[in-house]
Amino acid sequence: MSTLNEYRAIVGDGVVDELYGLGERLRGRVVQHINSTRVGGGVAEILSNLVPLFKEVGVEAAWDVISGTDAFFEVTKKFHNALHGRREEIPRSLLAIFREVGRENIRNLPLRGDITIVHDPQPVMLIKNKEKTAGPWIWRCHIDIAQADPRVFSFLRQFISDYDGLIFSSPLFSKRFSLRQFLISPSIDPLSEKNREMGKDEVAAVIAKYGIDPKRPFVLQVSRYDYLKDPVGVIEAFRLVRKYNDCQLVLAGNRAADDPESDRVLAEVREKAGKDPDIHILLIPPENNDTDINALQRAATVVVQKSLREGFGLVVSEALWKGRPVVASAIGGIPLQVEHGRTGLLCRSVEGAALEIKQLLNNPAYAEKLGANAREHIRQNFLLTRHLKDYLLLLLALQRDEDIIHL
Amino acid sequence: MNKPIKAREPFVFYSRFNLQELTGLKAGNLESLLDLISTVPGSSIYHHTHRFMEKHDYLLPEPPNDFAVWIGDVLGDRTLQEKLAGIDVLQFTTIKDLRLALVEAIDSHLSAYPRARKRFAEKDDEFHFIKSVSVIVPTPYSAESLEAFIKGLKEVSTSSIYFHMFEARLRLERQTNDFSWWLESALLLKTLGEKISSLDPYSFTLSGLRRKIIDILEECAGDDR
């Protein structure tokens, strides 16, 4: 586990000193984060890195996870898809399961904080416990709800409306609420196993392990096997690129504990790839996930994220931080990270993705310049230290109504 | 070696943190943009005209104005984009006056080019209004002499440079930047103060602005005494 002082070399002394200064003003407060899984997915990853840093600056922080059945996670997966705009039929019986598991968690989950931050829809019902803490309660939505199915959103709104504040990852997700809403982007940890610096030999060993030809360029998409990440679209774009460029495609995925759908998607991807030896479909073992993803991102010639919906897309931040040229969909939180022509290239279709990938493969000096900008963009805006700062500011701001707060 | 001249009062470096608050308000064409620019809180006008300064320190200076960027990139109206990007923010000492300049520029453009009303953004490309919530805190750095001031400038974060050069002048309506004010009133170094206030800080990155101010102070300090 990294200490805050270890970030000084990356973000500078001034930034770290300011964090200690803000923490001092919140000393003694207790913040409780609640989500649905301790491993797998971006939220768990952020919390495992962020919670210890809260403690380091003097804010007591706890992290608790709700419990749920397979049927519960099946319905929350449907919520997730519907919030991303996909049509889902959710029968009343499944809503009943959601409510039943929610009530169990209301009874059983210990409340520890005077500030409670609830992440995503799975634990949203816990707001019913609001009266039992000193407050405030904040709902942190990590999902792209710009095109949310109104039926599902109105079901969730009955709970969301009782919170004291909301956090979204992109302005595109904000809606008319009588509550205060804040824009806080998620972050990556530059010192984590997934993002730490790596030697060339270590990178080469991982590439060799997966049978990727190190002498030819490769295009990489890292994502769990999910329709919303459009892995099939990536294969289609790759095939357009390969008509003119000799290259390989690597799809590197894993499973999250709260995602029962990935096996179906993986089967479709395998069928689409056929027996093409240049398409590497990898299922990264969880125990090697972070090291292997780090190496793959560092070795990739171009990194792609052709998602159809994306809450934020931390995997894009990871690639940008490694100075890689990125082609990514102009959706959700991605345009905050990839500013077209400055820190990467944006696309809106299979053909667009193919065009931009070719641009980067054929113009390495341009790709390198975008990559260098990208790393600085992440350093300033999307590292864990900025994330911690935003949370500390939020906790301070919620105590006041003014737009200018003198401390 | 000369003993440093002691200031009449110390300069305390402050830092400013920005929390972005979403308003839920959005515009899809010039008319709705104009309506909202006229009515959103001043902290939203401030956010969209200053966000670039803090967010893009690694790039060459960008037009410090989200409205201009959106009008050009999304609506494709390059004439109005240029007009808004060219608004000289330094000539205003209040957000109210800056807002008025934006409103007048868009309004007169709509009168001159009625077809500009027919440009619309796709749903995903609408302009979303965000407010800036500033949290202002003192840093551990302070100075009672020019030498200590230069040392402080080298050590504080760029948020502190930003606060004293941009936010104090316009958002807190102090008329000039804090550095010039202190140099002139507490150290009686009028020429140095004027040299800094005559810079256009919007045409630098924050790191570049810090270097420029330090260069001015180090090079000219002797002449002013």
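Let's start with spacing: the centres of domain 1 and domain 2 of chain A, taken over C-alpha atoms, are 27 Å apart. Domain 1 covers 4-187 + 383-397 and domain 2 covers 200-381, with bounds that come from an automatic or database domain assignment. Please keep in mind that this is a predicted model, where local features need pLDDT of at least 70, side-chain atom pairs count only at pLDDT 80 or more, and totals for chains, interfaces and linings use all residues. Residues are numbered from 1 along each chain as its sequence is written, while chains are lettered from A and ligands numbered from 1 in the order in which they are written.

So how do the two domains meet? In chain A, 25 residues of domain 1 are in contact with 20 residues of domain 2; contact here means that the C-beta atoms, placed from the backbone, lie within 7 Å. On the domain 1 side, α1 (8-11) and α4 (70-83) of chain A each supply at least two residues. By class, the domain 1 side that touches domain 2 of chain A has eight nonpolar, 12 polar and five charged residues. Nonpolar means Ala, Val, Leu, Ile, Met, Phe, Trp, Tyr, Cys and Pro, charged means Asp, Glu, Lys and Arg, and the others, Gly among them, count as polar.

Next, have a look at the sheet in chain A. Six strands form an open, parallel sheet in the order β9-β8-β7-β10-β11-β12, where two strands pair if DSSP finds at least two bridges between them. β9 (279-283) and β12 (345-347) of chain A stand at the edges with a single partner strand each, so one side of each has no neighbour in the sheet. On average, neighbouring strands of this sheet are turned by 20° against each other, direction ignored. Further in, β10 (302-305) and β11 (326-329) of chain A pair in the parallel sense over three bridges, and Q305(A) stands opposite A328(A) in β11(A). Helix α10 (289-299) of chain A packs on this sheet, touching β7 (218-222), β8 (248-253) and β10 of chain A, and its direction makes about 140° with that of β7(A). For that angle, axes are lines fitted to C-alpha atoms, for helices over the stretch in contact, and angles run from 0 to 180 degrees between N-to-C directions.

Which residues touch the most other members of the largest nonpolar core? They are L220(A), L296(A), V304(A), V327(A) and I357(A), in a core of 146 residues. Such a core is a set of buried Ala, Val, Leu, Ile, Met, Phe, Trp, Tyr and Cys residues joined through C-beta atoms within 7 Å. Buried means 20 or more other C-beta atoms within 10 Å of a residue's own, exposed means 12 or fewer, and partly exposed is in between, with C-beta atoms placed from the backbone. Leaving aside neighbours within four places in sequence, V304(A) has contacts that include L220(A), V327(A) and I357(A).

For contrast, take R375(A), in helix α14 of chain A. Beyond four places in sequence, R375(A) touches L320(A), W321(A) and G323(A).

Now for the partner chain. 35 residues of chain A are in contact with 24 residues of chain B. On the chain A side, α15(A) gives the most, with six residues, and the classes come to 16 nonpolar, 10 polar and nine charged. Strands join the two chains as well: β13(A) runs parallel to β2 (127-143) of chain B, with three bridges, and H406(A) stands opposite I136(B).

β6(A) is worth a moment too. Four bridges join β5 (165-168) of chain A to β6(A) in parallel, while β6(A) and β1 (11-27) of chain B pair in the antiparallel sense over three bridges. F182(A) stands opposite I167(A) and has E21(B) as its bridge partner in β1(B). R180(A) and F182(A) point one way from β6(A), Q181(A) and L183(A) the other, and all are buried.

Last, chain B itself has 10 helices and two strands. Buried residues make up 41% of its 225 residues.
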